Amino acid sequence: MGTSFLLVPGAGGRAWYWHRLVPELERRGHRAVAVDLPAGDDAAGLEAYAAVATAALDALVAGGDGADGDAVVVGQSMGGLTAPLVAARRPVRLLVLLNAMVPRPGETGGEWWDAVGQAAARDDLARSQERAVDADPDADFSHDVPPEVWAAGAEHAFAQSGTPFTEPWPLATWPDVPTRVLAGRDDRFFPPALQRRVARERLGLEVGEVPGGHLCALSRPEALAAALDGLVAQTSSRHADRT
């Protein structure tokens, strides 16, 4: 029996980001649903994002054959602010952070960037690779995404309200759920060294690397699906733990 995956996107809130990963997970016998978040709505904050994602998880679980608590929630980039909120509201098997922001209680998304030193880490990586630090920022996202895939993404509306970045992250502690952190080894936006430091300092966790850059679900979906499949195999379901 496969596992149900809820896929939470980053900035822009587009389920489209996951469209190459979903069939790869399904090919491995899993179910996967990508959620569209209300990213273009200035009235929508973290509570609205969490409510939409939690409703998608409820529908996913209701439509599947697995036991309650067997779903895996994956949050990419800005999705790291939302995915733990879902895991705090519903029993889940595993929470996976993929090239993700890891917030602290009470910290706003806007404060996160300076708090973790993202800009300096990005510039340091560029210098080490002999790239211009002031290059086109889109290249940090798309450098390893097939051009035709990146071009197709332009057909999907992209908007990201600043509202969620102004709100303190609402949980007092990290949710009590097994958590894994994955970093794209070629991520230029959140360099792996940055992700390793933040995961260690904030969660006490080590980082597993996967092929690809910041948008590895678009650039390397097969490898990412294999990594997620492996994490599921290593993690006991909550249902099994209770029985």
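Select β1 (4–8) together with β2 (31–34): four bridges join β1 to β2, and the two run parallel, where strands are DSSP runs of E of at least two residues, helices are runs of H or I of at least four, and both are numbered from the N terminus. Two strands count as paired if DSSP finds at least two bridges between them. Within this pair, L6 stands opposite V33 in β2. Please keep in mind that this is a predicted model, in which local features need pLDDT of at least 70 and side-chain atom pairs count only at pLDDT 80 or more, whereas totals for chains, interfaces and linings use all residues. Residues are numbered from 1 along each chain as its sequence is written, and side-chain values use heavy atoms, with hydrogens and water left out.

Stay on β1 and colour by burial, with buried meaning under 20% relative accessible area, exposed over 50%, and partly exposed in between (1.4 Å probe, protein chains only). Five of the five residues of β1 are buried, so the strand is largely enclosed by the rest of the structure. Both faces are covered, with S4, L6 and V8 buried on one side and F5 and L7 buried on the other.

Now widen the selection to the sheet. Strands of a sheet pair through backbone hydrogen bonds, either parallel or antiparallel. Here the sheet is open, has six strands in the order β2-β1-β3-β4-β5-β6, and pairs in the parallel sense. At its edges stand β2 and β6 (207–210), each with a single partner strand, so one side of each is left without a neighbour in the sheet. From one strand to the next, the twist averages 25°.

Next select β5. Strand β4 (residues 94–98) is joined to strand β5 (residues 179–184) by four bridges, and the two run parallel; L98 stands opposite L182 in β5. On the other pairing, β5 and β6 are also parallel and share four bridges, and the bridge partner of L182 in β6 is G208. Five of the six residues of β5 are buried, so this strand is largely enclosed by the rest of the structure.

Within β5, pick G184, which counts as buried at 0% relative accessibility. Leaving aside residues up to four places away in sequence, G184 touches N99, P192, Q195, V210, G212 and G213, where contact means heavy atoms within 4.5 Å.

From G184, step to its contact N99, found in the loop between β4 and α4. N99 counts as buried at 0% relative accessibility, and its phi is near 45°, a positive value in a residue other than glycine.

P105 is found in the loop between β4 and α4 and is partly exposed, with a relative accessible area of 44%. Its contacts, not counting residues up to four places away in sequence, are W169, L171, A172 and T173. P105 and L171 are 66 residues apart in sequence, yet 5.6 Å apart in space, C-alpha to C-alpha.

Now show helix α4 (residues 109–116) with helix α9 (residues 192–203), whose axes come within 11 Å and cross at roughly 110°. The two helices are therefore roughly perpendicular to each other (angles of 65 to 115 degrees; under 35 counts as roughly parallel, over 145 as roughly antiparallel, and the rest as oblique). W112, A115 and V116 of α4 make the contact with L194, R197, V198 and R202 of α9.

Finish on helix α5 (residues 118–128), whose buried residues are Q118, A121, R122, L125 and A126. They cover an arc of only 135° around the axis, which puts them on the same side of α5, the arc being that of the directions from the helix axis to the C-beta atoms. What covers these buried residues includes α4, α6 (138–142) and α9. Just after α5, select E130, which takes a positive phi of about 55°; E130 is found in the loop between α5 and α6 and counts as exposed at 75% relative accessibility.

Note on methods. Axes are lines fitted to C-alpha atoms, for helices over the stretch in contact, and angles run from 0 to 180 degrees between N-to-C directions.
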